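Please read this note with the model open beside it. The points are numbered so that each can be checked in turn.

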Amino acid sequence: KRSTTISTKTIMPTLVDKKQNTMIHSPKHQRPSRAKMTLSCHFLLISAILFMTTTTTSAFLNPIVSPRRAMTTIGGGDVSSQFGCSPMTTNSKSQSFKTNTIISNKKRIRSTLNPTILNLSGGGGMELIATASQSLFSYAGNVPLWQAFALNAALFSALSPKLFKMLTPEGFAHSVALGTCLWASLGWRGWTLCVLYLFLGQAVTKVRFEEKEKMGIAEGRGGRRGPENVWGSAATALICAACAAQGATFFNLNSDLFLLGYVASLSTKLADTFASEIGKAYGKTTFLITTFEKVEPGTEGAVSLEGTLAAMVGGLLLPLYGLGVDLITPGGVVVATIAAFLATNAESVIGATIQGKAGFTWMTNEVVNFVNTLIGASIAISSGIFILNMV
């Protein structure tokens, strides 16, 4: 009898501790997860994305086509048209420059892909490696899909110990598909921009993570991203990348506009992540953006001074990198940063008004993220047309 009593007293605190531990690691804001997609569905989705991207982007099937924004220097000439701005010269000269740039890019890429230059005897192996490297790391993008996939598979495998701390297994597989498509369309410049977004977003998510977890407002799964997060954040960016890879123009729009939209869409999501995570970690007063009513941190549609300032910083980082690798211009940095900030506030309005409300159960966090990035890209592209005159 004494043994039973001792056993009960010994076990009960353990049960309570486990229950408390469960409560700590089960944030109130998390909804019960829906039925998970099977592994076959994930592979089907990845295959469908790769197939659609391949068949709809002529750059993948015909790498001779090249975007206009290639690294081109003009001795003593006007370079404004290279950066998508209104040239100071006449329209005829600007059009002549565009045509000459495209022709030179086509010749350059043809020379890297011409199989007659490969001599497999003697030093042909080194020539083959050099040619493959020249195509794979092409400044203008338009990398053959198989090369892009092989490189992404190798890179993701090498970085898997780090990436599996940031992504779920399903998110890892979908990220490989996304990375393949981005490298095939924009090359290393567009790919590294997206990778920078991933690492910066993960870093800010981990800020005071344990405290946010105890409050029940931390990201689920320890901050790891799943496939729904991958595509909710990057679907708009992939669309812009595929459009930019079509050539000098697509749908009568300058390819530089799609590059600007690409940078702005990822900047928008990073600004939103900075605002949310810094606001939850350091926000002293949070209120609804629509009514200015004070609410608890982590409430949908809530904003704070600290989070707003963080959004401005987060929205600037990727445009600065995009400028450094010549994806956008100095004017594009300003446009992308402002577009990211405006779209982030629009996302707060959506969260405060319709997300989670009756009749809008389909408006999940991932759908809101997609709409958010779409707004940011649209603002940037429109500003590029009407303010930067990128036509």
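How many salt bridges does a search of the whole structure find? The search finds five. A salt bridge here is a side-chain nitrogen of Lys or Arg within 4 Å of a carboxyl oxygen of Asp or Glu. Side chains of opposite charge can pair when their charged atoms come close.

1. Basis of the note. This is a predicted model, in which local features need pLDDT of at least 70 and side-chain atom pairs count only at pLDDT 80 or more, while totals for chains, interfaces and linings use all residues. Residues are numbered from 1 along each chain as its sequence is written, and side-chain values use heavy atoms, with hydrogens and water left out.

2. Overall make-up. The protein has 14 helices and four strands. Helices (H or I, at least four residues) and strands (E, at least two) are DSSP runs, numbered from the N terminus. Of the 391 residues, 46% are buried. Buried means under 20% relative accessible area, exposed means over 50%, and partly exposed is in between (1.4 Å probe, protein chains only).

3. Surface and contacts. The accessible surface of the protein is about 19800 Å², and carbon and sulfur atoms account for 67% of that surface. Accessible areas come from the Shrake-Rupley method with a 1.4 Å probe; for residues, only the protein chains shown count as cover. Contact means heavy atoms within 4.5 Å. Among contacts between residues at least 6 apart in sequence, 72% join residues at least 24 apart.

4. Two packed helices. Two packed helices are described by the angle between their axes and the distance between the axes. Helix H8 (residues 169-205) packs against helix H11 (residues 255-282) at an angle of about 10 degrees, and the axes are 9 Å apart. H8 is therefore roughly parallel to H11. The residues of H8 that make the contact include Leu182, Leu186, Trp191 and Tyr197, and those of H11 include Leu259, Tyr262, Phe274 and Glu277. Axes are lines fitted to C-alpha atoms, for helices over the stretch in contact, and angles run from 0 to 180 degrees between N-to-C directions. Angles under 35 degrees count as roughly parallel, over 145 as roughly antiparallel, 65 to 115 as roughly perpendicular and the rest as oblique.

5. A salt-bridge network. Lys212, Glu277 and Lys280 are linked in a network of salt bridges. In the bridge between Lys212 and Glu277, the closest N and O atoms are 2.5 Å apart. This pair links distant parts of the chain, with Lys212 in helix H9 (residues 209-215) and Glu277 in helix H11, 65 residues apart. Lys280 also bridges to Glu277, at 3.7 Å from N to O. Lys280 and Glu277 both lie in helix H11, three residues apart, or about one turn of the helix.

6. Glu277 has 2% relative accessibility, so Glu277 counts as buried. Lys280 is buried too.

7. The side chains of Lys269 and Asp272 form a salt bridge, at 3.5 Å from N to O. These two residues are separated by about one helical turn because they are three residues apart in helix H11.

8. Asn372 lies in helix H14 (residues 365-386) and counts as buried because its relative accessibility is 1%. Leaving aside neighbours within four places in sequence, Asn372 is in contact with Thr268, Asp272, Ala343, Thr344 and Glu347. Gly261 is in helix H11 and is buried, with a relative accessible area of 0%. Not counting residues up to four places away in sequence, Gly261 touches Cys240, Ala377 and Ile381. Gly261 and Ser382 are 121 residues apart in sequence, and their C-alpha atoms are 9.3 Å apart in space.

9. At the surface. Lys284 lies in the loop between H11 and strand E3 (287-288) and is exposed, with a relative accessible area of 76%. Lys284 and Leu305 are 21 residues apart in sequence and 8.3 Å apart in space, C-alpha to C-alpha. Leu305, Leu309 and Met312 form a nonpolar surface patch with about 310 Å² of accessible area together. Patches are made of residues with over 30% relative accessible area and no salt bridge: like charges are joined within 9 Å, nonpolar side chains (Val, Leu, Ile, Met, Phe, Trp, Tyr) within 5 Å. Met312 is in helix H12 (residues 305-324) and is partly exposed, at 45% relative accessible area.
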